[in-house]
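Open the model in a viewer and keep the selection tool at hand. The stops below go from a helix pair to a sheet and then to a single side chain.

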Amino acid sequence: MTAQSIPRIVIGAPKGRSGKTTVTMGLLAALTNLGLTVQPFKKGPDYIDPSWMTAIAGRPCSNLDSVMMSNQTILDSFLEQSQQADISIVEGAMGLYDGLDLQGSGSTAQIAKIIKAPVILVLDCTRMTRSAAATVLGYQHFDKEVNISGIILNKVGGARHQRILREAIETFCRVPVIGSIPKNNNLTIPDRHLGLIPANETDKFTKTVEAIGNVIAENVDLRRLLKIASNNDSLPNYSFSKEANSYLKGQQGSKRVTIAVIRDQVFSFYYPENLRQLESEGAKLVFINSLVDTSLHQVDGLYIGGGFPELFGAGLDANKELRANILRAIYQGLPVYAECGGLMYLGRKLIYKGQEFAMVGALPYDVVMEEKPQGHGYTIMKVMEPNGFFD
């Protein structure tokens, strides 16, 4: 398959909680069951949905994040990961046009335009009939560069409800309804404060995915969806451009850099592109389990991603030897990159639901997990002085 002919779709919706994740996971399962190779993507930033999508598709789900990636990097990543796939599916986030500013920067629609992909709009039809057509019309005309090519109706009340919705949308919007998912289908995906529970934490994963896949296979015209995915504008040739520098390769003759990555049930939020990039730049990655391992081994750097350390506070507290070894290595000058849960782990202690757990103690703060998020979104920071990560 050439890069220009990659079948692809973006799953969008008018708002969050419309059913995008359920539909995307169901499509991955249903198409994989047909013997197709499906490449999943998630409009970033998101680490949790991709854990499910990776497990279902059997291929690493990559993030397309237009805040942290340039248009060219997004396109290159999409083309690179889509090789040898029969279809690529991108799950959007929030509403289709929701972004950081009035122009919709960072929106799902922006991703769809960058990769020139048709959008399948998932519509929550609760307490709605003919007005569904007005909603679709608005999304069609809001940005003429966005190609809304199919509608999947969600939470449909019955045959009569479906008929009214389908006739209104196909008559007034001239876009096909390719699926109709009944309400009360008992499809529940376990979640918590940041979204879904990561796939590696739930023993209900297999049964949940099987049920979702069956519902989608029964209620979505997969043949028509594949036809829509194949009817795309051509994409430019893959440029293989890489924005990262070759810092890790060092000077000629320097030793290979070894980086410890804490990756387990506690810390599982990683963009696979970052790990691949480190390896492509010459680094050797050594994976550490924060609950079991006691030593960092001989490494030149440490990478701790995000996750849910508050749920594993007792286990992190109990592994005193690893925490002491990390603290000692930091005092001895070990470079560390930590974000989100990893940054929490580097503090003095973690307080959650009235319990206190000892953390590494490398940074002078305590972390308190409140009942509700105290802030959500991107933050632009100013670098106070030059360092290993920023000029």
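Select α2 and α7 to begin: the two helices are roughly perpendicular to each other, a label that covers angles of 65 to 115 degrees. Helix α2 spans residues 48-57 and helix α7 residues 205-219; they pack at an angle of about 75°, with 12 Å between their axes. Axes here are lines fitted to C-alpha atoms, for helices over the stretch in contact, and angles run from 0 to 180 degrees between N-to-C directions. Next, show the side chains at this crossing: Trp52, Ala55 and Ile56 come from α2, and Phe205, Thr208 and Val209 from α7. Contact means heavy atoms within 4.5 Å. By class, five of these residues are nonpolar, one is polar and none is charged; Ala, Val, Leu, Ile, Met, Phe, Trp, Tyr, Cys and Pro count as nonpolar, Asp, Glu, Lys and Arg as charged, and the others, Gly among them, as polar.

This is a predicted model, in which local features need pLDDT of at least 70 and side-chain atom pairs count only at pLDDT 80 or more, while totals for chains, interfaces and linings use all residues. Residues are numbered from 1 along each chain as its sequence is written, and side-chain values use heavy atoms, with hydrogens and water left out.

Zoom out to the whole chain, which has twelve helices and 18 strands. Helices (H or I, at least four residues) and strands (E, at least two) are DSSP runs, numbered from the N terminus.

Now select the open sheet of four strands, in the order β12-β10-β13-β15, with parallel pairing. Two strands pair if DSSP finds at least two bridges between them. At the edges lie β12 (284-288) and β15 (336-338), each pairing on one side only. From one strand to the next, the twist averages 20°. Then look at β13 (residues 301-304), joined to the parallel strand β15 by three bridges. Pick Leu302 there: its bridge partner in β15 is Val336.

For the last stop, centre on Gln81 in helix α3 (residues 71-82). Is Gln81 buried or exposed? Gln81 is buried, at a relative accessible area of 12%; buried means under 20%, exposed over 50%, and partly exposed in between (1.4 Å probe, protein chains only). Beyond its neighbours within four places in sequence, Gln81 is in contact with Gln39, Phe41, Arg59, Ser62 and Arg276.

Note on methods: Angles under 35 degrees count as roughly parallel, over 145 as roughly antiparallel, 65 to 115 as roughly perpendicular and the rest as oblique.
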